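User: Hi! Could you walk me through a protein model I just opened?
Analyst: Happy to, let's take a look together.
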Amino acid sequence: MVQFLAYVLGDYCDIYKKDAEDDNVYHHYYGDSEDDNVHSQITVIDMSLLPFQVLETITGLIGRIILEFLSQFEKSKRGSMPVVIALEEAQNYIPEINKKDRDSISRKVFERIAREGRKYGLSLLVSSQRPSELSKTVLSQCNSVIVHRIQNPDDQVYIRKLVSSANSEILNQLPTHPQQHVIVMGDCVRTPIVAKMNTASPKPNSNNPEFIQNWLKEEKADYQGVANKWMEIDRKNTENNNLQS
């Protein structure tokens, strides 16, 4: 547990040196780095390939472990280690409506973090293309909102209810915003504004696919190469599970 927490919160190499006797998955991850004090201010936990049956359970467990850890600090040190959990595609973790009559485990955890996390130094950054599907409890605790172009009518109505401080003229621009343009509202600005986001560097590979050009070209997909990579990922996951056990 201690090693997992140190890894997730970016202090693993400060707590466990490379010459430690125990050989585990974290040592293999950092490899033969020349720097004994590798600090990780951002830890990315890729959940994209997890089956949906276990996705909420694992994300909820990670969120609860971090919350419980920070809540155990002495009162004099409470909030001394600020942590932000960013939920990308958050509708997968904090849905407003339960799926198949099963209570969402992760939603309960992140709703608790949204309500109580601030006093422990734990915050949430929620990102989603479908805000109307998100937990209303979590969104009601957000003190700042950044909205990109929204074309779905249900989402537009929900945003209008969520941010009553913005005037209707600004919100009417939601369906027509060009790329990179956003409406910023909440505590981070004095008044709702329209802004242009800086271009990411390096730029993510997220452009729209060129359907016609790709359909007409003679080159075919590398089925064997993709399958080999797929199997290699499964093999590494199995090895890591064996190391942890």
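**A buried serine and its surroundings**

Analyst: Ser 135 has 0% relative accessibility, so Ser 135 counts as buried (under 20% relative accessible area with a 1.4 Å probe and protein chains only; exposed is over 50%, partly exposed in between). This is a predicted model, where local features need pLDDT of at least 70, side-chain atom pairs count only at pLDDT 80 or more, and totals for chains, interfaces and linings use all residues. Residues are numbered from 1 along each chain as its sequence is written, and side-chain values use heavy atoms, with hydrogens and water left out.

User: Where is Ser 135 found?
Analyst: Ser 135 sits in the loop between β2 (122-126) and α6 (136-140). Helices (H or I, at least four residues) and strands (E, at least two) are DSSP runs, numbered from the N terminus.

User: And which residues does Ser 135 touch, leaving out those up to four places away in sequence?
Analyst: Those are Ile 94, Pro 95, Glu 96, Arg 107 and Glu 111, where contact means heavy atoms within 4.5 Å.

User: New topic: is Leu 87 buried or exposed?
Analyst: Leu 87 is buried, because its relative accessible area is 6%. Leu 87 belongs to strand β1 (residues 83-87).

User: How far apart are Leu 87 and Val 126?
Analyst: They are 39 residues apart in sequence, yet 5.1 Å apart in space, C-alpha to C-alpha. Beyond its neighbours within four places, Leu 87 contacts several residues, including Tyr 93, Phe 110 and Val 126.

User: How many helices and strands does the chain have?
Analyst: The chain has 10 helices and 5 strands, and 29% of its 245 residues count as buried.
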